[in-house]
Amino acid sequence: SIAKKMAALSLSTSALGLAHGVAPPRGSPSISMMAKATGKDTLIALAEEQQIPMGFWDPLKLADKDFWSEGNDATVGWLRHAEIKH
């Protein structure tokens, strides 16, 4: 019946995060946009702005890497996203 189909559709959109109130607001930056705005220079500036006693510290030189051939800024953005997530 139509009611069952509507209920199933509602449940599936909720599970996918497409339901109203669950989806990100329009105009919010995507992960790729955030990755473009976060390179090594941004990390250095952030460390200086926060006046961290040790300054910018990257002993593994991850800020210089290029994961998956996406560019350095995307790599730094991915690492920052992973750090915040975990």
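These legends describe close-up views of one predicted model. Residues are numbered from 1 along each chain as its sequence is written, and side-chain values use heavy atoms, with hydrogens and water left out. In this predicted model, local features need pLDDT of at least 70 and side-chain atom pairs count only at pLDDT 80 or more, while totals for chains, interfaces and linings use all residues.

View 1. The chain has four helices and zero strands (DSSP runs: helices H or I, at least four residues; strands E, at least two). Of its 86 residues, 14% are buried (under 20% relative accessible area, 1.4 Å probe, protein chains only; exposed is over 50%, partly exposed in between).

**View 2. Ile52, Met54 and Trp57 make a nonpolar surface patch of about 360 Å².** Patch residues have over 30% relative accessible area and no salt bridge, and nonpolar side chains are joined within 5 Å. Ile52 sits in the loop between helix H3 (40-49) and helix H4 (72-85). Ile52 counts as partly exposed because its relative accessibility is 33%.

**View 3. Asp58 is buried yet has no salt bridge.** A salt bridge needs a side-chain nitrogen of Lys or Arg within 4 Å of a carboxyl oxygen of Asp or Glu. Lys40, the nearest side chain of opposite charge, is 5.8 Å away. Asp58 lies in the loop between H3 and H4.

**View 4. The Asp58 side chain reaches the backbone nitrogen of Ala63 at 2.8 Å.** Not counting residues up to four places away in sequence, Asp58 touches Ala63 and Asp64 (contact: heavy atoms within 4.5 Å).

Note on methods. Patches are made of residues with over 30% relative accessible area and no salt bridge: like charges are joined within 9 Å, nonpolar side chains (Val, Leu, Ile, Met, Phe, Trp, Tyr) within 5 Å. Accessible areas come from the Shrake-Rupley method with a 1.4 Å probe; for residues, only the protein chains shown count as cover. Lys and Arg count as positive and Asp and Glu as negative; His and the chain ends are not counted. A polar contact is a pair of N or O atoms within 3.5 Å; within protein, one must be able to donate a hydrogen and the other to accept it, and residues adjacent in sequence count only if both atoms are side-chain atoms.
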